[in-house]
Amino acid sequence: MEYRQFLVVTFLAALLVLGGVRLADAEDAPAKPNEVHAGGEMSHNQKPKQKARPKKPDRTKDCQYDRSEELTIDDRKITLSQETIKAIMTGREEEQDGYNFNADTVLLIFRVRDPDGNWYTGNLTRLGSEGCIFYYIGQLVPHEGEPPL
């Protein structure tokens with residue numbers, strides 16, 4: 001009798017060590033083994049919750065900052081639209097009424113060359129959020145010689 005008890009205890013211990021036996025009914029689907037994720041968390045066969053996607057900016061909405069910038073150079077007023085300034089901020093050079101405009105997009109410096117070859121520089125300020133971006137150009141100051149690129 002002791003030998004039988006020994007075998008039963010050994011069998012039950014082996015079942016405990018191996019994780020037990022699961023009796024599957026006809027309705028039960030075969031279960032996947034638990035997965036271990038980063039940080040040691042077990043999934044228990046549940047899909048991780050999806051992270052909320054950030055809102056995409058609504059580029060069609062009216063931007064409260066979407067207004068033109070008026071520059072005064074040599075007592076002459078030049079109006080630049082925000083679309084032109086945004087094109088300049090992508091690295092392109094724009095021309096209007098003989099004035100050439102370009103910008104340093106890293107240092108946020110706006111540069112203007114007038115028809116006589118004189119240079120003017122001014123600071124740029126980027127305002128807005130969620131797709132409604134506006135650039136403000138500070139006071140233009142004459143620059144001796146060509147400003148560094």
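Me: What is the relative accessible area of Asp-97?

Reply: Quick background: this is a predicted model, where local features need pLDDT of at least 70, side-chain atom pairs count only at pLDDT 80 or more, and totals for chains, interfaces and linings use all residues. Residues are numbered from 1 along each chain as its sequence is written, and side-chain values use heavy atoms, with hydrogens and water left out. On the scale used here, buried means under 20% relative accessible area, exposed over 50%, and partly exposed in between (1.4 Å probe, protein chains only). Asp-97 is partly exposed, and its relative accessible area is 48%.

Me: How many salt bridges does the count come to?

Reply: Side chains of opposite charge can pair when their charged atoms come close. The rule asks for a side-chain nitrogen of Lys or Arg within 4 Å of a carboxyl oxygen of Asp or Glu. Going by that, the number of salt bridges is 3.

Me: Which residue forms a salt bridge with Asp-97?

Reply: Look at the loop between β3 (94–96) and β4 (99–104), where Asp-97 sits; its partner is in strand β2 (residues 76–80), so the pair ties together parts that are 21 residues apart in sequence. Strands here are DSSP runs (E, at least two residues), numbered from the N terminus. The closest N and O atoms are 4.0 Å apart, and the residue is Arg-76.

Me: Glu-70 and Lys-77, then: how far apart are their closest N and O atoms?

Reply: Both Glu-70 and Lys-77 are exposed. They form a salt bridge, and the closest N and O atoms are separated by 3.6 Å.

Me: And Asp-104 with Arg-111: buried or exposed?

Reply: These two form a salt bridge as well, with the closest N and O atoms 3.9 Å apart. As for accessibility, Asp-104 and Arg-111 are both buried.

Me: How many residues of β4 are buried?

Reply: Tyr-99, Phe-101 and Ala-103 point one way from β4, while Asn-100, Asn-102 and Asp-104 point the other way, and all are buried. That's why β4 is largely enclosed by the rest of the structure: the buried count is 6 of 6.

Me: Which residue forms an aromatic pair with Phe-101?

Reply: Rings of Phe, Tyr and Trp (its six-membered ring) pair if their centres lie within 6.5 Å; planes under 30 degrees apart count as stacked, over 60 as edge-to-face and the rest as tilted. The count comes to 1 aromatic pair. It's stacked, at 5.8 Å centre to centre and 25° between the planes, and Phe-101's partner is Phe-110.

Me: What residues does Asn-102 touch, leaving out those up to four places away in sequence?

Reply: Asn-102 lies in strand β4 and counts as buried at 13% relative accessibility. Contact means heavy atoms within 4.5 Å. With residues up to four places away in sequence not counted, Asn-102 touches Ile-88, Glu-93, Ile-109, Phe-110, Arg-111 and Trp-119.

Me: Which residue in the turn between β4 and β5 has a positive phi?

Reply: Two strands pair if DSSP finds at least two bridges between them. β4 and strand β5 (residues 109–113) pair in the antiparallel sense over 5 bridges, with Asp-104 opposite Ile-109. They form a hairpin with 4 residues between them, and the residue with a positive phi of about 55° is Leu-108.

Me: And which residue in β4 does Gln-96 stand opposite?

Reply: β3 and β4 pair in the antiparallel sense over 3 bridges. They make a hairpin with 2 residues between them, and Asp-97 in the turn has a positive phi of about 55°. Across from Gln-96 stands Tyr-99.
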